[in-house]
There are 4 protein chains.
Amino acid sequence: MDPQTSSQLEERLAKVKLFLCDVDGVLTDASLFVGLEGEYKCFNILDGLGLVTLRDHGVRVGWISSRPSPATTARASQLKVDFLYQEKGSKVDAVEKILAETGFEWEEVCYVGDDIVDLGPIDRAGVGVAVANAVPEAKALARYVTRVGGGKGAVREVVELILKAQGKWESVIAFHTGRSEK
Amino acid sequence: MDPQTSSQLEERLAKVKLFLCDVDGVLTDASLFVGLEGEYKCFNILDGLGLVTLRDHGVRVGWISSRPSPATTARASQLKVDFLYQEKGSKVDAVEKILAETGFEWEEVCYVGDDIVDLGPIDRAGVGVAVANAVPEAKALARYVTRVGGGKGAVREVVELILKAQGKWESVIAFHTGRSEK
Amino acid sequence: MDPQTSSQLEERLAKVKLFLCDVDGVLTDASLFVGLEGEYKCFNILDGLGLVTLRDHGVRVGWISSRPSPATTARASQLKVDFLYQEKGSKVDAVEKILAETGFEWEEVCYVGDDIVDLGPIDRAGVGVAVANAVPEAKALARYVTRVGGGKGAVREVVELILKAQGKWESVIAFHTGRSEK
Amino acid sequence: MDPQTSSQLEERLAKVKLFLCDVDGVLTDASLFVGLEGEYKCFNILDGLGLVTLRDHGVRVGWISSRPSPATTARASQLKVDFLYQEKGSKVDAVEKILAETGFEWEEVCYVGDDIVDLGPIDRAGVGVAVANAVPEAKALARYVTRVGGGKGAVREVVELILKAQGKWESVIAFHTGRSEK
């Protein structure tokens, strides 16, 4: 990324008030564990702590999947995610429902996706992001491509970019380093 | 691949009407998760969306395993796969039953495999494919070897090759990018 | 490996009548999936087909773990493994019980291990093998170190070495390639 | 590491009487498998044998997580870990409770962590360790960064460093190699 692009990206990250992402391939590496007892998905603890920290600092969080799964519901509930959509249909429409409900604009949205069903929201969001393992069509539309893959901390990477651009990251670190002096 | 081979491959891909593949090592990375509650297999969401898209565009889909597993049955049912064989015995015979039932010919079949039990159908199919992690004997017989491994999107890779060779991929992308304008 | 060592190894492989291996780190990559419903282990389908093929060609198969696990018992039962030891205590003693029962000698044993508890049998077996991910102490004692890691096909690799050294591999391949002509 | 640093590290390792570590990202690779039946974590057998061997040689062992999980409780119970903390709140405070209970000092503690919630104890421990996959802020504070990642044997690596610095490793190896001569 050249410096100018980078500063433009930072300006856009500074405006983010709503963090939305796809689930499979973004919060996971696209693996789906299937057996007689139903299905499991492999989430990442770093992403979880990142999303909780982001919400604690005033950014709302939502997940948008086009495939309903009890595994997704369970993890969203653990992390107290603000919005959860798991229906077939247009993801652009799903985001627009959240915008209508919250009063936010597309340019205040950061959206992270990996596959062709994410092309619409990546194209429209203020900060459209494709994960490292995304299809080429998603990377071509994205303003940022993560260094690590989905399920390996890609969401955490974007969360830190937002918190840094909004000047909130240093206090997070200071808090955790000095916790016994509180 | 040199250009001539590539155009021959494309001609063969254009004729595919039946997509068949092995399960373990192709739709998974050959991992099998075993515990007291039975077994789990790790499928890939990209493969799933690929197979559904392929069926939506007129290619029929079947899985041929020589090892019965409730995990395979569960995933096949989620994806509404047209044919599912899970019996010990010759995979060539299994394919020929499907050909007899559907009226398709071997040259209209794309078959993807990884291990020695797949040698027969890889050798006979119009487009015999070995995944990146296949045994050398399978790669030697295959017309195409995938770039990514089984369970990592190998089936999705072949699905996209078919849809591109049949001139159907561009409309898939256009549909997903423009979904809110519908 | 220089040619002389290689031909010595082949001579030793040709004499193998009993294939024994550790479980965790050899048939798996040392991962253990733990939850409220008990534990899962991640086995490899290629290893499974390899062990079944080896037994079909007259080599007996056993697993020796020093940690009892229902996951191991379930997979051993699927593959109809001849011997299964899962007790704390010396693995050398466990092998010697099998030798006493079967009448085989240490030099007819191929043993595959990865960790310090495997040092004894790796040292004594006709063909002591360490997997690619084994501790350095195990590799130092082994006559062969696998190219791929435990759970990634290491056991399959050794099985093929044995079948090739015993002149049985070509007929396995011929059988699977020509299956519909039977 | 230059020789001087290395000998300083060895001196510190020689004093360790209490081995403490985080769970997610250290004993696992930060993966969390979530489904309807609860959650699974992927531990490593090498770490398990390492921790048991460490306890057998007089070093006490504890795990400190800020996220309660039945998967963690189950694995801690299998390994008979001496201390298990799984509460929200300061990890420095958790360590200090253990120090008060046992009479050990911070300089006798080896603490292994990966994320921002581990910064406090990594900073204060006699031997603060960050795993290979740790966040940069943790690596910056650590006296040692492991070569392998969390869940891939990082804890085993540190355990061996301690046992070697305390002159106990050679007898472990001799015991396992010669087990049938006992």
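These questions and answers walk through a predicted model, from chain contacts to salt bridges and cysteines.

Residues are numbered from 1 along each chain as its sequence is written, and chains are lettered from A, ligands numbered from 1, in the order in which they are written. In this predicted model local features need pLDDT of at least 70, side-chain atom pairs count only at pLDDT 80 or more, totals for chains, interfaces and linings use all residues, and side-chain values use heavy atoms, with hydrogens and water left out.

Biologist: How many residues does the contact take from chain B and from chain A?

Modeller: Contact means heavy atoms within 4.5 Å. By that rule, chain A supplies 28 residues and chain B supplies 27 residues.

Biologist: What area do chain B and chain A bury between them?

Modeller: Buried area is the accessible area (1.4 Å probe) that two parts lose on being put together, summed over both. Of the area for chain B and chain A, 58% is on carbon and sulfur atoms. The total is about 2,400 Å².

Biologist: Which residues form the salt bridge across the interface of chain B and chain A?

Modeller: A salt bridge is a side-chain nitrogen of Lys or Arg within 4 Å of a carboxyl oxygen of Asp or Glu. The rule finds 1 across this interface. Its closest N and O atoms are 2.6 Å apart, and the partners are B:R156 and A:D115.

Biologist: Which element of chain B gives the most to the side that touches chain A?

Modeller: Helices (H or I, at least four residues) and strands (E, at least two) are DSSP runs, numbered from the N terminus. Four elements of chain B each supply at least two residues to that side: strand 3 (38-44), helix 2 (45-56), helix 3 (70-79) and helix 8 (169-177). The most, 6 residues, comes from strand 3.

Biologist: By class, what does the side of chain B that touches chain A have?

Modeller: Ala, Val, Leu, Ile, Met, Phe, Trp, Tyr, Cys and Pro count as nonpolar, Asp, Glu, Lys and Arg as charged, and the others, Gly among them, as polar. On that basis the side has 8 charged, 6 polar and 13 nonpolar residues.

Biologist: How far apart are the nearest C-alpha atoms of chain A and chain C?

Modeller: Chain A and chain C do not touch. Chain B and chain D do not touch either, with nearest C-alpha atoms 11 Å apart. For chain A and chain C the value is 11 Å.

Biologist: How many salt bridges does a search of the whole structure find?

Modeller: One of them joins B:K152 and B:D29, at 3.8 Å from N to O. B:K152 lies in the loop between strand 8 (144-145) and helix 7 (154-165) and B:D29 in the loop between strand 1 (18-21) and strand 2 (31-35) of chain B, so the pair ties together parts 123 residues apart in sequence. Over all chains the search finds 40.

Biologist: Is D:K91 buried or exposed?

Modeller: Buried means under 20% relative accessible area, exposed over 50%, partly exposed in between (1.4 Å probe, protein chains only). D:K91 forms salt bridges with D:D22, at 3.0 Å, and with D:D118, at 2.9 Å. D:D22 has a relative accessible area of 5%, so D:D22 is buried. D:K91 has 4% relative accessibility and therefore counts as buried.

Biologist: Where is D:E108 in chain D?

Modeller: D:E108 touches D:K15, D:V16, D:K17 and D:L18, not counting residues up to four places away in sequence. At 14% relative accessibility, D:E108 counts as buried. Its place is in the loop between helix 4 (91-102) and strand 6 (109-113).

Biologist: How many disulfides does a search of the whole structure find?

Modeller: A disulfide is a pair of cysteine sulfur atoms within 2.5 Å. The sulfur of B:C21 has its closest cysteine sulfur in B:C110, 8.8 Å away, so the two are too far for a bond. For C:C110 the closest cysteine sulfur, in C:C21, is 8.8 Å away, also too far for a bond. Over all chains the search finds 0.

Biologist: What is the relative accessible area of B:C21?

Modeller: B:C21 is buried. C:C110 is buried as well, with a relative accessible area of 0%. For B:C21 the value is 0%.
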